Amino acid sequence: MTDTHCPYCSLQCGMTLSRKGPRLEVSVRSQKNRHSPVNEGALCRKGWTAAGLRGSRERLTTPMVRDRATGEWSAATWDEALDLIAAKLAELRDVHGADANAVFGGGGLTNEKAYQLGKFARVALGTSQIDYNGRWCMSSAASAGNQAFGVDRGLPFPLADIEQTDVCVLVGSNLAETMPPAARHLDRLRERGGRVVVIDPRLTPTGERADLFLQPVPGTDLPLALGVLHLLDAAGAVDEDYIAERTTGFQDVRRSVAAWWPEMVERVSGVEAAQLRELADLLAGAEKVMVLTARGAEQHAQGTATVLAWLNVALALGMPGRPFSGYGCLTGQGNGQGGREHGQKADQLPGYRMIDDPAARAHVAGVWGIDPETIPGKGRSAYELLDALGTPDGPKSLLVFGSNIVVSAPNASHVASRLADLDLLVVADMVMSETAALADVVLPVTQWAEETGTMTNLEGRVILRNQAITPPDGVRNDLDVIAGLATRLEAPAGVRRDVLVDYPSVDRQERPVVSGATRWQTDPEEIFTELRAASKGGKADYSGITYDRIREEDGVFWPCPEGSDGTPRLFTDTFFHADGRARFVDVAHRGPAEQTTADFPLHLTTGRVLAQYQSGAQTRRIKELPDDGIFVELHPLLADRVGAHDGDPVVVRTARGELKAPARIVTTIRPDTVFVPFHWVGANRLTNDALDPSSRMPEFKVCAAAVTA
Ligand SMILES: Nc1nc2c(c(=O)[nH]1)N[C@H]1C(S)=C(S)[C@@H](COP(=O)(O)OP(=O)(O)OC[C@H]3O[C@@H](n4cnc5c(=O)[nH]c(N)nc54)[C@H](O)[C@@H]3O)O[C@H]1N2
Ligand SMILES: Nc1nc2c(c(=O)[nH]1)N[C@H]1C(S)=C(S)[C@@H](COP(=O)(O)OP(=O)(O)OC[C@H]3O[C@@H](n4cnc5c(=O)[nH]c(N)nc54)[C@H](O)[C@@H]3O)O[C@H]1N2
Ligand code: SF4
Ligand SMILES: [Mo]
């Protein structure tokens, strides 16, 4: 029996794995799991069935190489596959320069993998071209958090704090379906007499839990926030003392919200002025308010500005840093948080250091035992990277670890055409995902139950994934794959032991320096020790966290410098900007990048259903999970107008492509909006690749569409 955590979402529910003959059984049987802080012994359907890939025929167990001419696959040995890849990477670098090779990571990778992948790109390949799917996830909230607070940690408080607030406002989150065990916190909050507000163009199972439900036009959360702040200020409900003591920039924001009368907000968002007043009254009368955003608010070309507008509401009410109050982002992927802290993002180095900061480069170069000058600069963001593949100035190869981009990237047909122009596409995965099926080489890797490593959940809590079983024959850990390639590329793996944190007994002068060593680590705990050193002194400081501490303490919250207890709650005394204050940022509403027209009169939005996870690469292959296939959700009024019948196919068209799928007619969606889940191929043939200017987040949540029966 091994205690570990679910492989999927950012809740990282504690679960117990036991062997039952050849099978693996999921339970929450252990004492530890019954009391695990985020799920208290509850799991959602995806968690219960997570072991379904173990022993399944869908599992890849041998490296595969595809013949470009015939399209045929043949099995290869690991040496053959890695030799082939390394030789091609070296050739491309020699001919076109280091940026000819690119790496694409994922927020499902452990911290150790994310760290090692970033180091591999910068040290072994020397490329600036690395980014990851987290750009499509909560990057707008990250960018807003950095601007307002000077730091980006999903929730600045433990999840269970939700129960103790007075009003919890969920902007674009369907957590009852996307993090089901978390919904209990909303229920308990309401049992205590607190209120839940949900803002979503669809009345979801989360919306059904709300005391107040607002149903805006997709892409109008920003003016809603401006309208709320307008009303709060007019009512004298802003916290002037807090604003004066703990923030800067309010006066500009106050001036710009003055123009947003409720009636004007109603015209833009479709939310009645009376409802907006109801929300403002609720907030004005509450002592403790929590504003939480998720993808509905964030996945927009104005996602950062939208989050900032809601953050301004929380700040004006004086909430961030106050007990059981504040602003938080509900991150998404299992390691969506840690994945963005340790260097797989184009502009970052480990510890949430910025790659263009000379001090950060010097520190990390010190740990890596290399000259800071050799660390490349900032690379392209995820979508811009994919868009550049195979173009004259763009990368000629792509290594993918932990993402199924041809299903999950916006404007996916275009992305598939870019992949086709590569000289080399390598995908490491445990199944033949739609992206793997397009690769030249596919490498079979371990899944969660077969490996150890740390993950950082939505609360900033660093937890430990424990290996429960040995991997199937032929399958390797991503860390082995990275080390195998780095060694073949003759990359130095010189960790300078003198900067490591674990040698308190040795005098600093005498600590051994192994600069120039060529062995790349594959042991997760060794890599974590190096990560601790690399993160030391950074914003996401992990230097005081050890595997033992995580085991003993139910996880440890960063920042956690050596000797610290960790930080479950941020901002109680100070924010992370040099002056210690939070910043109001004045933002203006521009609306979605693509407006409706006579040809495309509807709003298309996309998202999730309970039983499927992400691109579906894993969950569509698990027999115990219902797979109803892709569908188009639309309102009866719209269905009547276009002559659609429930269950019969409709065609959705946008400027980028079309999708034919069964109609699902529901009264819970706005009549001017259609919804398509993205777990199957199709939704992203439709979506718009317009990007947020600061986070580079694509506008998954709104574009202009037409529907015909
Ligand atoms: N079942 C399941 N759970 C998951 C995942 C999964 O794939 N499946 N993925 C995980 C990951 S990586 C993530 S990021 C999270 C995402 O978790 P959520 O953000 O909760 O999920 P979404 O369904 O993408 O979007 C949430 C809601 O936003 C609404 N929405 C659409 N457009 C707008 C808008 O313009 N404004 C507002 N206010 N709302 C809008 C949608 O109707 C939807 O109900 O879930 C995690 N958990
Ligand atoms: N239209 C639309 N598109 C969206 C969204 C939306 O709301 N609407 N949401 C976006 C969001 S928030 C996200 S997070 C992305 C997610 O979309 P993807 O990045 O495609 O995420 P997954 O489907 O989880 O893909 C992970 C892949 O890696 C494999 N894998 C899992 N673990 C590991 C590992 O440890 N190592 C390796 N090598 N492989 C592994 C899985 O089998 C799978 O094939 O989609 C985005 N796309
Ligand atoms: S809520 Fe998330 S972490 Fe928990 S069991 Fe479901 S998918 Fe797994
Ligand atoms: Mo996500």
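1. Let me begin with ligand 3. In this predicted model, the residues around ligand 3 are Cys6, Tyr8, Cys9, Leu11, Gln12, Cys13, Leu43, Cys44, Lys46, Gly47, Pro180 and Pro181. Sorted by class, that shell has 9 nonpolar, 2 polar and 1 charged residues. If you colour the site, Cys6, Cys9, Cys13 and Cys44 are among the names to pick out.

2. Next comes ligand 1. Its surroundings count 32 residues, and the closest of them are Asp200, Asp221, Arg608, Gln612 and Gln614. The class breakdown here is 9 nonpolar, 15 polar and 8 charged residues.

3. Which backbone atoms approach the nitrogen atoms of ligand 1? A backbone N or O atom of Val609 lies 2.9 Å from a nitrogen atom of the ligand. For Glu177, a polar backbone atom is 3.3 Å from a ligand nitrogen, and for Gly172 the corresponding distance is 3.4 Å, again from a polar backbone atom to a nitrogen of ligand 1. On its own, ligand 1 would expose 910 Å², and the protein buries 99% of that.

4. Helix H6 (175–178), helix H13 (295–298) and strand E23 (602–607) are the elements that give two or more residues to its shell. In domain terms, at least three residues of the shell come from each of domain 3 (144–330) and domain 4 (602–708).

5. Now for ligand 2, which sits in the largest cavity. There are 31 residues around this ligand, with Asn133, Ser403, Ser408, Asp429 and Ser615 coming nearest. Its shell is made up of 12 nonpolar, 14 polar and 5 charged residues.

6. The side chains deserve a look at this site. An N or O atom in the side chain of Ser615 is 2.5 Å from an oxygen atom of ligand 2, and a polar side-chain atom of Ser403 lies 2.7 Å from a ligand oxygen. Asn684 also takes part, with a polar side-chain atom 2.8 Å from a nitrogen atom of ligand 2. Taken alone, ligand 2 exposes 920 Å², of which the protein buries 96%.

7. Why can we say that ligand 2 lies between domain 2 and domain 4? Both domain 2 (64–136 + 335–557) and domain 4 (602–708) give residues to the shell around ligand 2, so the ligand lies between them.

8. Two backbone details to check while you have the model open. Trp558 and Pro559 are joined by a cis peptide bond, with omega at about -5°. You will find Pro559 in the loop between strand E21 (556–557) and strand E22 (582–583).

9. The other detail is Asn411, which has a positive phi of about 50° although it is not a glycine. Asn411 is in the loop that runs between helix H17 (405–408) and helix H18 (412–420).

Terms used:
Residues are numbered from 1 along each chain as its sequence is written. Chains are lettered from A and ligands numbered from 1 in the order in which they are written. This is a predicted model: local features need pLDDT of at least 70, side-chain atom pairs count only at pLDDT 80 or more; totals for chains, interfaces and linings use all residues. Side-chain values use heavy atoms; hydrogens and water are left out. A residue is near a molecule or strand if one of its heavy atoms lies within 4 Å of it. A polar contact is a pair of N or O atoms within 3.5 Å; within protein, one must be able to donate a hydrogen and the other to accept it, and residues adjacent in sequence count only if both atoms are side-chain atoms. Accessible areas come from the Shrake-Rupley method with a 1.4 Å probe; for residues, only the protein chains shown count as cover. Helices (H or I, at least four residues) and strands (E, at least two) are DSSP runs, numbered from the N terminus. Ala, Val, Leu, Ile, Met, Phe, Trp, Tyr, Cys and Pro count as nonpolar, Asp, Glu, Lys and Arg as charged, and the others, Gly among them, as polar. Domain bounds come from an automatic or database domain assignment. On a 1 Å grid over the protein atoms alone, a cavity is a set of points where a 1.4 Å probe fits but cannot get out, and a pocket is an open set with protein on both sides within 12 Å along at least five of seven lines; lining residues have an atom within 4 Å of a point. A molecule sits in a cavity or pocket if more than half of its atoms lie within 2 Å of its grid points.
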